[in-house]
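This report is written for a reader who is new to protein structures. Please look at the model first and then read the notes below it.

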Amino acid sequence: MNNIPPLDLAQQYQSISEEITEAVLDVLASGRYIGGPWVESFEQQFASYIGVSECVACNSGTDALYLALRALKIGPGDEVITTPFTFVATAEAIANVGATPVFVDIDPDTYNLDINQIEAAINSRTRAILPVHLFGQPTDMTRLMAIANAHHLAVIEDCAQSTGAEWAGKKVGSIGHVGCFSFFPTKNLGACGDGGAVTTNDPAIAAQIRAIKDHGQTARYFSVTNGINSRLDALQAAILQIKLPYLDIWNQQRRNIAALYHQLLENFPGIEIPKELPAAKAVWNQYTIRLLAKASEGTEYSRYPDKAAFRDSIRTQLIQQGVSSMVYYPMPLHLQPVYESLGYKPGQLPVSEQLATEVLSLPIFPEMSREQLYRVVRSLKDCLTSSLPSAALAKE
Ligand SMILES: *Cc1c(COP(=O)(O)O)cnc(C)c1O
């Protein structure tokens, strides 16, 4: 039996290989490898896809976040509210402009920022809120924008995992002041290498970003600020331009897979499925469930030193059955050694800490077959029922 991978980038390439090869050969023959027509037209097409007036392409999602923060003049002494349950790049960008990340706990159903807890974290140093639309699920932007507007805060959306997702009919990356995207190969719109983009409706912010990403230059050999070098290669821009028209189809395929996972896993003891809010249109970069075994039940459970060990043992059993899964993320950012100086203590952001021991991301990619999905579900259910008595799997 073939192994089921977490995703299959080669299969996606095969489905459009002729178009990609042609575009790549065009760029190679043109001699225009940095900047030029492919980058400009991709920026225009991506802006129009997201529904904004401005798009600036750059080297990565991490740079996109850094550039957005710089353009909003956020720096030393400033605080930026964000989630601890994300990839480290989110907080890293805040720290790299000299500002301080302030972590607010998450909602256990969507794994995104708990909107109810944001206001308590706002003080006179707060400059911005940086929500992450994690795993392709949009954050509640209606309530988040209302809080941000009431307190005159900027909103930077980390859309790295949610290209094409919508909140209340608007694409993420068009709702806050700035949207930050990654084209890392595993993201919903992935390049064949690194890439990123910033979206905004504010021409002044876009102009700032264009300068900062190009050594602070507003004209050739005329620098107005200390910048960086952050470019989307012409080759990647050409590849992304071929892929963009397929994104909605691929996202719909992800939504179909997620709907089937929901249906097959929803009522299974010991599993909690991710919830999609009514105004959300998620694009499921990951399909991440929670494993909710009750620690107090049964002697069987005592074989596992803690919840994470139970989850990890299920993961190992799945691998033995040829089913991959991933743990995003095993340690919330407020407890990472890099942020030790911020003084967070274990127990301070309990939902993030609990989810870090429970989450398991199942294989999901547009090309995934029904047979593959059924095999994942069957293996997962088998592993759970053979690992614990049903009483221990009952919902909390
Ligand atoms: C991938 C990712 C980033 C960083 O994007 P890169 O292109 O890899 O630099 C930032 N935030 C989140 C949530 C991500 O998943």
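## Basis of the model

The model is predicted: local features need pLDDT of at least 70, side-chain atom pairs count only at pLDDT 80 or more, and totals for chains, interfaces and linings use all residues. Residues are numbered from 1 along each chain as its sequence is written, and side-chain values use heavy atoms, with hydrogens and water left out.

## The ligand and its shell

How many residues surround the ligand? There are 14, and the closest are Gly-61, Thr-62, Gln-161, Ser-182 and Lys-187. By class, the shell holds 4 nonpolar, 8 polar and 2 charged residues. In this scheme Ala, Val, Leu, Ile, Met, Phe, Trp, Tyr, Cys and Pro are nonpolar, Asp, Glu, Lys and Arg are charged, and the others, Gly among them, are polar. Helices α4 (61-71) and α5 (89-96) each supply at least two residues of the shell; helices are DSSP runs (H or I, at least four residues), as are strands (E, at least two), and both are numbered from the N terminus.

Polar contacts are pairs of N or O atoms within 3.5 Å; within protein, one must be able to donate a hydrogen and the other to accept it, and residues adjacent in sequence count only if both atoms are side-chain atoms. A backbone N or O atom of Gly-61 lies 2.8 Å from a ligand oxygen. For Gln-161, a polar side-chain atom is 2.8 Å from an oxygen atom of the ligand.

## Salt bridges

The count of salt bridges is 10, each being a side-chain nitrogen of Lys or Arg within 4 Å of a carboxyl oxygen of Asp or Glu. Glu-43 forms one with Arg-210, with the closest N and O atoms 3.0 Å apart. Glu-43 lies in helix α3 (residues 37-50) and Arg-210 in helix α7 (residues 203-212), so the pair ties together parts 167 residues apart in sequence.

## Backbone features

The peptide bond from Tyr-328 to Tyr-329 is cis, with omega near 5°. Tyr-329 is in the loop between α11 (307-320) and α12 (350-358).

His-215 is not a glycine, yet has a positive phi of about 60°.

Terms used
A residue is near a molecule or strand if one of its heavy atoms lies within 4 Å of it.
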